[in-house]
Amino acid sequence: MTYVILDLEFNGAYSKKKHRFVNEIIEFGAVKCDEKLNIVDNFSALVTPQISKKLNTHVSQLTHINMSDLQESNNTFTHVLSKFRKFLES
């Protein structure tokens, strides 16, 4: 049996287009564990925000992620999701 522990980081930002606050995933983190919960693999990927152009100050302080890191990653949500699915299958 294999276990996967997933940790998602969100940016809570106001969307002018939707006229409300939206939680957008900015990072996927995961570890794959064996039946004794020993870590056998890990996954980490930043996601470039598509909704908000600003990173919430509290989120940035908590995660130590900044907007330039997210933009430089150049990863859309669907791209990171595809990488994560491959991680799950391996």
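Is Phe43 buried or exposed? In this predicted model, Phe43 is buried, because its relative accessible area is 12% and the cut-off for buried is under 20%. Phe87 is buried too: its relative accessibility is 6%.

The two rings form a pair. Their centres are 5.5 Å apart, and their planes meet at 40°, so the pair is tilted. Phe43 belongs to strand E3, residues 39–46, and Phe87 to helix H3. The pair therefore ties together parts that are 44 residues apart in sequence.

## The aromatic cluster

How many aromatic pairs does a search of the whole structure find? The search gives five. One of them joins Phe28 and Phe77. This pair is tilted, with 5.8 Å centre to centre and 50° between the planes. It links distant parts of the chain. Phe28 sits in strand E2, residues 20–33. Phe77 sits in helix H3, residues 77–89.

Phe28 has a relative accessible area of 4% and is buried. Phe77, at 35%, is partly exposed.

Which residues form the aromatic cluster? Phe28, Phe43, Phe77, Phe84 and Phe87 make up one cluster. A charged residue also meets one of its rings. Lys32 lies over the face of Phe87, 4.6 Å from the ring centre.

## Leu6 on strand E1

Leu6 is in strand E1. Its relative accessible area is 42%, which means that Leu6 is partly exposed. What does Leu6 contact, leaving aside neighbours within four places in sequence? Its contacts are Phe28, Gly29, Ala30 and Phe84. Among them, Phe28 and Phe84 are members of the aromatic cluster.

Leu6 and Ile25 are 19 residues apart along the chain. Their C-alpha atoms are separated by 12 Å.

## A nonpolar surface patch

Which residues form a nonpolar patch on the surface? Met1, Tyr3 and Leu37 do. Together they have about 360 Å² of accessible area.

Met1 is placed in the segment before strand E1, which spans 3–15. The relative accessible area of Met1 is 68%. Exposed means over 50%, so Met1 is exposed.

## Positive phi in two loops

Two residues deserve a look at the backbone. His64 is not a glycine, although its phi is positive, at about 65°. It lies in the loop between helix H1 (57–63) and helix H2 (67–73). His64 counts as exposed because its relative accessibility is 68%.

Where is Asn74? Asn74 is in the loop between H2 and H3. Its phi is near 50°, again a positive value in a residue other than glycine. At 64% relative accessibility, Asn74 counts as exposed.

Definitions and conventions:
Residues numbered from 1 in each chain as written. Predicted model: local features only at pLDDT ≥ 70, side-chain atom pairs only at ≥ 80, totals over all residues. Heavy atoms only, no water. Patch = residues over 30% accessible without salt bridge, like charges linked within 9 Å, V, L, I, M, F, W, Y side chains within 5 Å. Areas by Shrake-Rupley, 256 points an atom, 1.4 Å probe, with all protein chains shown as cover. Salt bridge = Lys/Arg side-chain N within 4 Å of Asp/Glu carboxyl O. Helix = DSSP H or I, 4+ residues; strand = E, 2+ residues; numbered from the N terminus. Buried < 20%, exposed > 50% of the residue type's maximum accessible area, 1.4 Å probe, protein only. Phe/Tyr/Trp six-rings, centres within 6.5 Å; stacked < 30°, edge-to-face > 60°. Lys NZ or Arg CZ within 6 Å of the ring centre and 35° of its normal. Contact = heavy atoms within 4.5 Å.
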